[in-house]
Amino acid sequence: MKDIIFATGNAGKMKEIREILADLGVEILSMKEAGIEAEVEENGVTFEENALIKAAGIAAWCRENGVPGCSGKTADDFIVLADDSGLEVDYLNGEPGVYSARYMGHDTSYREKNANIIARLEGVPKQERTARFVCAIAAVFPDGAHEAARAAVEGYIGWKESGENGFGYDPIFYLYENDLSTAQLSPEEKNAISHRGKALRLMKKKMQEREE
Ligand code: IMP
């Protein structure tokens with residue numbers, strides 16, 4: 001299989017990605033490691049669209065500029081992967097959805113974003129507080145073909161923040177199984193059930209099938 005460029009600068013994501021894709025036996029580079037300086041505007045309306053816009057944008061940049069971080073290699077040597085993820089709250093008609101990072105503005109703290117979501121669900125009973133973390137992963141192959149995979153982890157919005165782990169909306173997103181927020185899980189526990197992990201495993205299967 002070709003080597004992989006994953007369109008993220010997030011070290012935590014890269015660690016999880018490398019663990020899940022380790023047995024492919026290929027090199028997995030972050031954008032930074034590949035020397036890519038592209039800026040891609042994610043203006044899609046679905047997670048899949050945004051992931052594909054990002055992966056296709058990076059692949060196009062590499063066809064034009066090469067892969068500066070890897071001497072002797074070109075865009076033809078890489079599959080470009082990108083992800084997009086977020087929180088969907090059913091009572092809020094799927095908000096914040098693809099706007100999860102931008103909800104209430106990029107610079108608003110998650111303490112405020114989380115408090116706002118809880119306030120908008122005031123008086124709403126548990127059975128109507130259903131929510132999910134969604135992740136879509138897109139792959140663009142050297143021949144221009146593309147694939148997408150989507151996965152989710154189901155839960156509900158609690159009445160208060162709990163837990164110190166994780167990031168973003170984790171402190172208000174609770175699992176039905178144990179009524180713990182995903183911020184109360186250890187990183188290993190969260191990776192084992194996470195939307196990103198699930199989507200990545202699905203994408204791994206699709207990439208392996210293409211190779212057969
Ligand atoms: P991105 O896909 O990295 O752009 O993430 C989008 C946004 O979705 C993040 O900034 C968070 O607000 C939210 N999000 C995605 N996954 C998680 C998660 O596992 N926990 C908490 N928030 C998440």
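This is a predicted model: local features need pLDDT of at least 70, side-chain atom pairs count only at pLDDT 80 or more; totals for chains, interfaces and linings use all residues.
Student: Which residue has a polar side-chain atom 2.7 Å from an oxygen atom of the ligand?

Tutor: That is K190. Residues are numbered from 1 along each chain as its sequence is written, and side-chain values use heavy atoms, without hydrogens or water.

Student: Which side chains have an N or O atom 3.0 Å from a nitrogen atom of the ligand?

Tutor: D170 is one, with a side-chain N or O atom 3.0 Å from a ligand nitrogen. H195 is another, again at 3.0 Å from a nitrogen atom of the ligand. The ligand taken alone exposes 490 Å², and the protein buries 88% of that (areas by the Shrake-Rupley method with a 1.4 Å probe).

Student: How many residues surround the ligand, and which are the closest?

Tutor: A residue belongs to the shell if one of its heavy atoms lies within 4 Å of the molecule. Here 15 residues do so, and K13, S85, Y110, K190 and H195 are the closest. By class the shell holds five nonpolar, five polar and five charged residues; Tyr counts as nonpolar, and Gly as polar.

Student: Which elements each supply at least two residues of that shell?

Tutor: Elements are DSSP runs, helices (H or I) of at least four residues and strands (E) of at least two, numbered from the N terminus. β3 (78-89) and α5 (195-211) each give at least two shell residues, and β3 has the largest share, with three.

Student: What is the order of the strands in the sheet?

Tutor: Strands of a sheet pair through backbone hydrogen bonds, either parallel or antiparallel. Two strands count as paired when DSSP finds at least two bridges between them. This open sheet has six strands in the order β2-β1-β3-β4-β5-β6, with mixed pairing. β2 (28-30) and β6 (173-174) are the edges; each has a single partner strand, so one side of each is left without a neighbour in the sheet.

Student: Where can I follow the parallel and antiparallel pairings?

Tutor: For parallel, look at β1 (residues 3-6), joined to β2 by three bridges, where I5 has L29 as its bridge partner. For antiparallel, take β4 (residues 130-140) and β5 (residues 146-157), paired over 11 bridges, with A139 partnered by E147 in β5. These two strands form a hairpin with five residues between them, and G144 in the turn has a positive phi of about 95°. β5 also pairs with β6 in the antiparallel sense, over two bridges; there I157 stands opposite F173.

Student: Which residue other than glycine has a positive phi, and which peptide bond is cis?

Tutor: Most residues other than glycine have a negative phi, and most peptide bonds are trans. N93 has a positive phi, near 55°, and the bond from E95 to P96 is cis, with omega near -5°. N93 lies in the loop between β3 and α3, and P96 lies in the loop between β3 and α3 (110-120) too.

How values were computed
A polar contact is a pair of N or O atoms within 3.5 Å; within protein, one must be able to donate a hydrogen and the other to accept it, and residues adjacent in sequence count only if both atoms are side-chain atoms.
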